[in-house]
Amino acid sequence: MQEKVVSLYQSEKKIYPREILGFYAKWRWFFVWITQIIFYFTPWIEWGGRQAVLFEITSRKFYIFKYVFYPQDLIYLSGILIISALGLFLFTTLAGRIWCGLSCPQTVYTEIFLWIEAKIEGNFIKRERRDKSNWNINKIFIKLQKHMVWIIFSIWTGFTFVGFFTPIKPLLNESIEFSVTGWSLFWIIFYGFLTYFNAGFMREQVCKYMCPYARFQSSMFDQNTLTMIYDKDRGEPRKGKSDGKQGDCIDCNICVQVCPNGIDIRNGLQYECIFCGLCADACDSVMKKVNKPGNLISYTTPIILKNNLSFSKKMKIFLRPRITIYSLILISIIGLFFYKLENRYDFKFNVIRDRGILSRVDKNDMLQNVYRLKIMNVGLSNDRYNLAVDGLPRIRIDKKTIKNLRIELDPVESDTYVVTVEIPNKSKQPGNYPINFLLRKLGSDNVLFEKSIFVVPKDENKKK
Amino acid sequence: MLSEFNNYFWPVLVASITILGIVGCYILLKLTGKKNNANDTNSTSGHIWDEDLEEKNNPLPRWWVGLFVITIIWGLIYLWLYPGIILTDGYLKWTQLKQYQNELDTADKKYAAMYRDYGQLDLDSFINNRKAIKIGKKIFLNNCAQCHGSDARGTKSFPNLTDHDWLYGGEIKDIKTTIINGRNGLMPPLGSIGTKNDLWDVAHYVKSLSGSKHHPMKAIRGKEKFGICASCHGLDGKGNQTIGAPNLTDQIWLHGESLEGIVHRITYGIKNEMPAWKDRLTPDQIHLVSLYTRMLSREDQ
């Protein structure tokens, strides 16, 4: 036996996918347009005198149209994440990597960059030939052109991204004057660079080696999950591979040429496959030319492929218990999310017991505890609020506090209010008693409760 | 930094582990990059488990290895820039304290302009300026409330700022002086002025000044001994704001109203300190918080 050294690292081969238009490619372009229109235009929308969608990190206010979110609204972010995760389960179980193939940003930007590349450099054959040819003025010029367009597009992408976090119109003015500085500049360049690098160079490598979603998806598949399948029984043996019976596959290799991830779907399902369906489009176009039925490669499941099922039987497969349960959970959580969102109070508060003063007895022989109330108006109008306290007999907010307490907040304003609460001295045994603060927005029935503790110290009387 | 260690053992150990770790990563990367394979017909990695289960060689892309190398280089640069190896200060001479100070300076510069507008306010315009009150309140809650309480009404040994009993005067300029330089209240021990009974008599007299519960006979006897107290608290017991001697006639007892406590304080004296804030707060901040404090006592009227 011969000893041989195998490298565990290797340079990746560049893939030159052939352009194709068909059913799946059209869907892909549809999602390119939808996602990019949303991404590039959202920051420019105005809403009530401010940018409609703006995530202000420094002031910790997150504007989404009529809603203003605060870090305290973390529950809504959790809600969105839970909905996204369940959506992931549902769609992956039903349709596999459909997200990867149609609307993942990596796919979408790669598609855009490939389109620019094809416009400037020509089709896949020309591109490969040019890359292999020696450098000359013409090649440098063409490459330069391509990279210039890529870079301009990337910077615009980075600029738009930053526009979600800092008001985009002033940012545009600064950009035109080249006076953007600090983190805005960093993120424009960084995000732009990542777009350029990932969509221009890394491409399928991101899916193969970086993306975690791609790796754990398979655990959500079952035998009825839709996948890209080459109908082996119909296609094999390929043209030229056998003298006798011949399958429908004419071995034109077009399915390999169009694949953006450089695989041959005829070898079966592979981990690189992102279900973009371009091979199916390509194959269909060839089948049409040779007058054979399409769908030699199709987006289906093995059972549907093998058996000629009626529509209702197919629906039974699609609406299997797993899918139904996922859907029900997803729908109820989305419903709950929007119910909570629509019914959330437009003010918040929390209570902190004073850290300096445990308790004191004032000259009217009342035992006092001190609290700080942080109250936030997260609504869109100037509002006033009423405060009450309960939980102990004869507990009340002391007179001096009431005299000066006027809780009035402008929209998105917050303030701290200091409240002294008292009970008659010696009316309670020493200990910690739970009490409630109740905050009501004037002119509404919206009341928020917040718990705290009233401390009756052991030796307050002795100490005197 | 070395002062935290009493010898060179730990820093040298930590530095060696750090450097060995980084070098080790590189060696590991090199060593595992290639595999001698005796039987490479299916391009497997050469591992075989359970008799026939082979691991296919699925080579890692080179750019991935490149990223790994970059992290190793970055690790070395980082160690050179920062005091990662405890024996050196690092090229940037970075310390936590310097970073903290830088951030403070930046914040001071940033907010100075905002405070400047409020630095000139008088009490009346302050009371009508909701934003100024809000800022004054914030400064108070963040700096003063630890001792005086969030509601500024104090507790035992920490003065109530909302009554009209000012130890050192309640004008804005007095309050400012108190905040800027702090105050050192000192009552000397006077246990030697008489017998134990004499001290109790004085205590009863002190209580009688404010009309609190006391023993009339003892109080009359105590009055004779009060002379030495009067040098600070005044003959009428109304105190002296220039030296911070409290008014004894107003039923406000900073350190408690029990007779035992008063006797104890006469015997052993008492010290009370308000720290100076001139290094922590800017003059404009001190102005604002003085106005806020003054406003609280005004509201009581």
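How many helices and strands are there in chain B? There are eleven helices and six strands in that chain, where helices (H or I, at least four residues) and strands (E, at least two) are DSSP runs numbered from the N terminus.

Before I go on, please keep in mind that this is a predicted model, in which local features need pLDDT of at least 70 and side-chain atom pairs count only at pLDDT 80 or more, while totals for chains, interfaces and linings use all residues. Residues are numbered from 1 along each chain as its sequence is written, and chains are lettered from A and ligands numbered from 1 in the order in which they are written.

Staying with chain B, its radius of gyration, taken over C-alpha atoms, is 35 Å, well over the 19 Å that the globule rule (2.2 Å times the number of residues to the power 0.38) gives for 301 residues, so chain B is more spread out than a compact globule. Along its principal axes, the C-alpha trace of chain B spans about 115 × 50 × 40 Å. Of the 301 residues of chain B, 21% count as buried, that is, with 20 or more other C-beta atoms, placed from the backbone, within 10 Å of their own.

Let me turn to chain A, for which the domain assignment, automatic or from a database, gives domain 1 (23-219), domain 2 (222-306) and domain 3 (347-463). The centres of domain 1 and domain 2 of chain A, taken over C-alpha atoms, are separated by 31 Å. Their contact, counted when C-beta atoms placed from the backbone lie within 7 Å, takes 18 residues from domain 1 of chain A and 16 residues from domain 2 of chain A. On the domain 1 side, the helices of chain A that each supply at least two residues include H2 (74-95) and H4 (105-121), and H1(A) gives the most, with four residues.

Finally, chain A has an open sheet of three strands in the order E5-E6-E7, with antiparallel pairing, where two strands pair if DSSP finds at least two bridges between them. Its edge strands are E5 (53-56) and E7 (67-69) of chain A, each of which pairs on one side only. Four bridges join E5(A) to strand E6 (residues 61-64) of chain A, and these two strands run antiparallel. To give one residue pair, the bridge partner of Leu54(A) in E6(A) is Tyr63(A).

Note on methods:
Two residues are in contact if their C-beta atoms, placed from the backbone, lie within 7 Å. A residue is buried if 20 or more other C-beta atoms lie within 10 Å of its own, exposed if 12 or fewer, and partly exposed in between; C-beta atoms are placed from the backbone.
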